[in-house]
Amino acid sequence: QVQLVESGGGLVQAGGSLRLSCTASGRTFSSYNMGWFRQAPGKGRTFVAAISWSGGSSKYADSVKGRITISRDNAKNTVYLQMNSLKPEDTAVYYCAAGSGSSYLYIRDIREDTYVYWGQGTQVTVSS
């Protein structure tokens, strides 16, 4: 069992930055691939970024490439989402998720059903 707790959300002006953190309980964090998803008001949850268990492989949604970076610190059981040049359309609840680990990320790693454990989410609001 893995419990995930997100933090770092808040209100920021367009063009600003935020860093989200997701800290996991348990000793097996380093064996999981980690993903970030988001859900905008009135919309379904969508993929943002993912990182392999070792941190050696990552994937991003086209809408965030060049602005958002995913990273992890296995010693701290934490995955991060550094978000720069934020836009109002980035407003959403951001969720982190954990799924079976692999050295490389595959197309399945952008799908919600790949992930087993989910956090409660953290709100990010970007004002124009």
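The structure is a predicted model, in which local features need pLDDT of at least 70 and side-chain atom pairs count only at pLDDT 80 or more, while totals for chains, interfaces and linings use all residues. Residues are numbered from 1 along each chain as its sequence is written, and side-chain values use heavy atoms, with hydrogens and water left out.

**Overall fold**
- The protein chain contains zero helices and 11 strands, where helices (H or I, at least four residues) and strands (E, at least two) are DSSP runs numbered from the N terminus.
- The radius of gyration, taken over C-alpha atoms, is 13 Å, close to the 14 Å that the globule rule gives for 128 residues, so the chain is as compact as a globular protein of that length. The globule rule is 2.2 Å times the number of residues to the power 0.38.
- Along its principal axes, the C-alpha trace spans about 40 × 25 × 25 Å.

**Burial**
- Of the 128 residues, 45% are buried (under 20% relative accessible area; exposed is over 50%, partly exposed in between; 1.4 Å probe, protein chains only).

**Aromatic pairs**
- The whole structure holds five aromatic pairs (rings of Phe, Tyr and Trp, its six-membered ring, with centres within 6.5 Å; planes under 30 degrees apart are stacked, over 60 edge-to-face, the rest tilted).
- Phe 37 and Phe 47 form an edge-to-face pair, 5.7 Å centre to centre with 75° between the planes. Both Phe 37 and Phe 47 are buried.
- Phe 37 and Trp 118 have ring centres 5.1 Å apart and planes at 55°, so this pair is tilted. It joins strand E4 to strand E10 (residues 115-118), 81 residues apart.
- Trp 118, at 23% relative accessibility, counts as partly exposed.
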